[in-house]
Amino acid sequence: MGRAYEYRKARMFKRWDKMAKTFTRIGKDIVLAVKSGTADPNTNARLRVLLQNARAANMPKDTVERAIKRATSKDQEDYKEMVYEGYGPHGVAILVESTTDNPTRTVANVRSYFNKLGGSLGTMGMLDFIFDRKCIFKIKNTGSKDLEEFEFELIDVGGEEVFLDEETNLINIYGEFTAFGALQHYLEENGYEIVEADFERIPNDTKSLSDEEVAEVEKLIEKIEDDDDVQRVYHNMG
């Protein structure tokens, strides 16, 4: 079947692998949301929005239900959310968010990736001056909203920036990290359909690298992302 088939197969497996990673990440988020609240999305706002994220990612219903059931099980290990910060090759700042039942294992693994691939793990908080933590909501675009007026409307509940993503035709809303609950409440109360909601860390200072340098940093990032305990990886490559 030749090279073309092998290429398609490799792409297919990579897509499946990425999908599996997304499902694992959302599943852990669901476990944390249930453990800190209830298993009922009607009374648990964070769980409610995570179920929307699961639908947006085409996560199978039985996988979602297993995550909720796991969270209420006495056998479920307690997850801890840990953040690791360091510098990769060429001075690129890298911030790693993890959800783990064994922080000792996770930090050892993350440190080894940095050490083997030209970086160094630092101390918590060292990159606070580079990354701003924000919340983001993506809502359905009905075409009936003036986005400038909408942005002004959301200022009172912590909204900062509103724009249309033309590729997805979804309205993206960015706000302060602490405004997540207020924004979610406002959008739900006013009948906006939330497709997805999450947190992001946005670099306020980026580094420009050559293609070869980018490849070196991406090798480290991919290695970190492959770790089962890692939820998200952020960097400041331009």
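Reader: How is the model to be read?
Author: Residues are numbered from 1 along each chain as its sequence is written, and side-chain values use heavy atoms, without hydrogens and water. The model is predicted: local features need pLDDT of at least 70, side-chain atom pairs count only at pLDDT 80 or more, and totals for chains, interfaces and linings use all residues.

Reader: Which domains does the chain have?
Author: The bounds come from an automatic or database domain assignment. That assignment gives domain 1 (3-72), domain 2 (80-129 + 204-235) and domain 3 (131-203).

Reader: How many residues of domain 3 are in contact with domain 1?
Author: Contact means heavy atoms within 4.5 Å. Eight residues of domain 1 take part, and on the side of domain 3 the number is nine.

Reader: How many salt bridges are there between domain 1 and domain 3?
Author: A salt bridge is a side-chain nitrogen of Lys or Arg within 4 Å of a carboxyl oxygen of Asp or Glu. R25 and D198 form a salt bridge, with their closest N and O atoms 3.4 Å apart. Between domain 1 and domain 3 the count is two.

Reader: Which helix gives the most to the side of domain 1 that touches domain 3?
Author: Helices are DSSP runs (H or I, at least four residues), numbered from the N terminus. The one in question spans residues 45-56 and gives seven residues: helix α2.

Conventions. Helix = DSSP H or I, 4+ residues; strand = E, 2+ residues; numbered from the N terminus.
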